[in-house]
Amino acid sequence: MGAAPQTPAAPAAPDFELTAVRHEYRAGGASLTGIDLTIRSGEHVAVVGANGTGKSTLLKMLDGLVFPSAGEIRAFGLPLTEDALEEPAYRRDFRARVGYVFQEADVQLFCSDAFDELAFGPIQLGLSEDEVRRRVREAAEELHIEKLLDRPPYTLSGGEKKRVAIASIITMRPRVLLLDEPTSALDPRSQVWLLDLLADWRREGRTVVMATHDLSAAAEAADRIVVLSEEHTLVADGTPEEVLTQRELLLAVNLIHEHTHRHASTAHRHAHAHGAGADPLATHGHTSAIAEVQQQRASGGVPAAPTSP
Amino acid sequence: MHIPDGYLGPQTYAVLDLLMVPIWVIAARKVKRTLRARQVPLLALGSAFSFVLMMFNVPVIGGSTGHAVGAVLIAIILGPWAAVIAVSIALVIQAGLFGDGGITALGANCFNMAVVAPFVGYYLHRLLAGDAPSGRRRIVAAGAAAYVGLVAAAIVAGVELGLQPYLNHTASGQALYAPYGLGVAVPAMALEHILFFGWIEAAVTMGVVAALARSEPALLEMKPAARPLRWLWAALAVLILLTPIGALAPGTAWGEWSVPQIKEAIGYVPADFARLGGVWKAAMPGYLTPGVNNTLLGYLVAAIVGTVLVVGIALAIGALLARPPGGRAAVAGEPRAPRSRRADLAAAARPARRGGRSLARKTADAVAGAMADVLRNEDVAARRGLLQRLDPRVRLLTLMLFAVTATLVHSIWVLLALIAVTLALAVASRVAVASFERKVWLSAGLFALVIALPSALAWFTPGPAALRLGPLTFTEPGLLGVATLVTRVVAAAGFALLVVWTMRWPDLLRALTALRMPDVVVATLAMTQKQILALLTVVEQIHLARESRTLARVSAGADRDWVTERMAFVARKSMKTAEDVHDAMLSRGFTGAMPSLVRPRMGGADWVWTLAGMALCALVLFADRLAGP
Ligand SMILES: Nc1ncnc2c1ncn2[C@@H]1O[C@H](COP(=O)(O)OP(=O)(O)OP(=O)(O)O)[C@@H](O)[C@H]1O
Ligand SMILES: [Mg+2]
C-alpha cells in the first residue's frame, strides 16, 4: 500500500494523545469536556454515544478542524494546533496522513463529478498527473465505483455517495482513517462490505477511529470502544466485551433503552440497542440483517463484496 | 432587470463586458485578502443564496408576485466586493444553467445588479445604520439601502437600454436594438422599481436582516469603519444635488438640457425624446413643487422629498417587522405521504391549470421546475448529437461567436437565416425541437414583441404609416424595428439555449478551466451549483410541507412574514453548509485552487467545426452588409 510519510517524532509516539481536552462551540456550552484519550498506531477504535454527545466534534478535533479550548492534543508526537497547521509542510504531511469521511456525504462531495472528487486530494498533495490517475483508478476498483466516475455527485444514491466519499479519502493513502457514522445510508450487504474493508485496513496496519451509535458495528469492527456520555465526557474505554456487557452504563448514556416486547404470548422487558445492526444484548433469538448476511456469506451464499450498481 | 441578448448593441455590451473584467479582477483580489481561505465556500454561499433568493416569490399588492435580487443583502453580510463576485456568479449560473439573461449582455447585467446595486446599497446602509450593531435602525437602514440600490441599478439599466436608439438606427429612423429612447426607458425602468420591485427588495432585505439579528447576530457584525463616515454623508449630499441629471425625475432633467447636446453629439434627436421632454416639463415641476419657480430648486426639493419619503416608508415597515412574529398561517394536519422524488418533480413542473395557486405552491413549482430543467438538460447533454461530440471549449466558443454575430446583423432576412441555423443545430444535436422552439419563441420572442410593439407607433417612431388600428398608427420603420428586435432576440436566445442544453455542467467548468479562467472562479462556480441544488431541495420541501399543512388562505402579510422567515432559515442553512464543506475541503489538504485533471483535447472534427463556424459567421456578416439593414 502507499508509502506513509516519515514520522516526524519518535516512531513510538502514539497517533493521537488528548489530555484534559475541552471544546465548546459557544462560550459556556461544552460539546466535549475532560477528555483523556490515547490512540496508538494500528488500533481500531469505535467512539459510541447518543446523538449530540460530541462524537463528530471529537473526530473533527482529531482531524485538526476544530481545536481544544482547554487541554492539549498531540498528533504523531507533535502538538496539533491551528498555528502548526498554518505551516505548509506540516499541513501537507498531516493531511496526507489523516483522512476523514464525513457523516454527511453530501457535504464531503463538492467537486463536479466523481472523478474530480477522487482526484481532489492527490492533486492538492501536488502529485504528478500519472500518479493521480493511478490512484483514482485503484481506489475506484477497490470500492467498485468505476462506472460512477463521470457522474455528478448529486445524481448518486446515498450508498453510492458514501462509497465515493470513502474512495476520495483512499486516494490520499492515509495512515489514519476517521469515519463518522460509516454504516449510515448503507444497506445490509454494503454494511458487510464495509466491515470487510475495515478488516483489510486492519491487516494493512492502518489506524481507524469510527464514530457510531450502531453498537453491533462497533462490536464487529473495533478492538476498542470508548463511550461518550450526554455530559460530553468519556465514561468507558475498553474492549468490546468489557464495554458492551456494562448494561447499566449503556442504559445511563442512552445507547440502549428498556423496551417491552411481545414474544408469542409472553410479554417481557429487556434492554434493546439502537441502530440498524444486530442487537448485541438481545438473547432471545432475534437475528439482525447483518448477522444473517454474515451467516449466508460464511456458507457462500452472498458475495463478499457487492458489485457496483 | 435581466437584459436578454439582442436588446443592447455591440458598442454597449462590449464596453460593459470589458469593463467588468478589471472589476472582477479587483474584486477577486480584495475578497482574497479579506476572506482568506474561506473565500471559495463563502462566495459560493453568497452566490447560491442570491440565486435561491431569486426563486422566492414575494406577494405584492394586487395579488401579483415578484422576486428580489439580494445584491444589497449580500453586500451587507459579506461586503460589497464579495457581493460583486457572488451576484456575478449567480447571474452566470442563471445564464449558463437555466438560460435566463443573455450571454453577450452578461457584462451589462453584472454591472447593474452586481456592481451598482451592492455598492450603492452597501454604502447607504453604512451611512444610515451608523454604528448600530442591530436593532430597528439597522433593519430600516438595510431596507432603505436595498430599495435605493435596486432603483439605482434599474436606472442604470434604463440608461443602457435608452441609449440604443441613438447609437444604432437606420437612416429612416428605424431602431435596430432596444427601441425606446432615454426619455421612455429610464422613467419606465425607474418607476417599475420605485413602485414595485424596490419594495420587494426592501421587504426581503429587512426581513432577512431582522431574522438574522434575532438568531445569528454574529453574521451581521460590522467591522469598524476604516474611515469616518463623514465622507459618505458628503457623497450622499452630492448625489442629491446631482439628481437633476436623472435620479428622481429623469424625464424632466433630460428634456431640459440634453436635447441640444445629444443633437450635437450624434446629430439625431429621436422623436420620442424631444416630445417626452416637453411632456415631463409640463407635468412635473408644477405638480411636484408648486410655487417654486426655479426649476433647479424644484429638482432639489423633489430629490429631498423623495429621499425622506423612501426612508419614512422604510421606517414604517421596519416598525411593523420589528414586532414579534405573530399571526401565523392556519396550519393543521400531517404532512402528506412522501411520493417519489421524480413524480414530485414532474407533477410540480407541470403548469397548474386552475388559477389561484397559493404562494407556497407557486414557489415550490418554480423551484421544482428549475430542478427539472437542470435534470432535463443533463439528459439532453448526455445524448450523442452533433454539438455534444465537440470539445466543450469549441462548443462554448463557437456558440458564443454565433450569438455575437446575431447581435451584429442588421438585416431581418439574415437574422431569419440565423434562426434557421439554430433550428438545424438543435435537430442535429437531438434536442427536443418542439420544446426548444417553444422556449425560444415564447419566452424570448413573445416578450420582446410585447415590450417593443408600442415603439412602432407613430408617436415613438415617425415615418410613413403602415397600419392603422383606430386611433393607433404604426409606422413602417417602427414595425421593421420591432421585427428586427424580435428576430434578433430569438436568434441570440437560440444559440444561448443551445449552450445551456448541450453542455453538461462539469464540461462547462472544464471548458472554463481550459480557457484559463482563474481557479477560484471555477471552484466557486462548481460549489455554487452544488449548493444551489441542495438549497433548492430544501426550499422546495419547505414550501411543499407548508402547502400540505395550509388549510385556509392566509393574508399577504402573513405570507410575507413566513417567506422572509424561510429566507433567513435558508441563509443560516447555507452558512452552515458552507462551513462544513470548507472543513471537508481543508481535511483533504485544500490550498485554494481546484484544478481538474480531465483536460479537453481538440480533435480533427473540432478544428473543422471551428473553421466552418468562423467562416459561416464571416459569410453571415458579409451577406448582411450586402442586404443592408
Ligand atoms: N457548528 C456548531 N455550532 C454550535 N453547536 C454545535 C455545532 N456542531 C455541533 N454542536 C453541538 O455540539 C454538541 C456535539 O455535537 P456533535 O455533532 O459532535 O454530536 P454527535 O455525537 O456527532 O451527534 P450525532 O450522533 O447526532 O451525529 C451537540 O450538542 C451539538 O448541538
Ligand atoms: Mg455526528
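This is a predicted model: local features need pLDDT of at least 70, side-chain atom pairs count only at pLDDT 80 or more; totals for chains, interfaces and linings use all residues.
Local features need pLDDT of at least 70 and side-chain atom pairs count only at pLDDT 80 or more, while totals for chains, interfaces and linings use all residues. Side-chain values use heavy atoms, with hydrogens and water left out, and residues are numbered from 1 along each chain as its sequence is written.

Over all chains, a search of the whole structure finds 19 salt bridges, a salt bridge being a side-chain nitrogen of Lys or Arg within 4 Å of a carboxyl oxygen of Asp or Glu. One of them joins E131(A) to R135(A), whose closest N and O atoms are 3.0 Å apart.

A second salt bridge, at 2.8 Å from N to O, pairs R173(A) with E138(A). This pair links distant parts of the chain, 35 residues apart, with R173(A) in the loop between α7 (158-170) and β7 (176-180) and E138(A) in helix α6. R173(A) is buried at 16% relative accessible area, whereas E138(A), at 35%, is partly exposed. E131(A), R134(A), R135(A), E138(A) and R173(A) are linked in a network of salt bridges.

In helix α8 (residues 188-203), D200(A) and R203(A) lie three residues apart, about one turn of the helix, and their side chains meet in a salt bridge of 3.0 Å, N to O. Here D200(A) is partly exposed at 29% relative accessibility, and R203(A) is exposed at 65%.

Technical notes:
Chains are lettered from A and ligands numbered from 1 in the order in which they are written. Helices (H or I, at least four residues) and strands (E, at least two) are DSSP runs, numbered from the N terminus. Buried means under 20% relative accessible area, exposed over 50%, partly exposed in between (1.4 Å probe, protein chains only).
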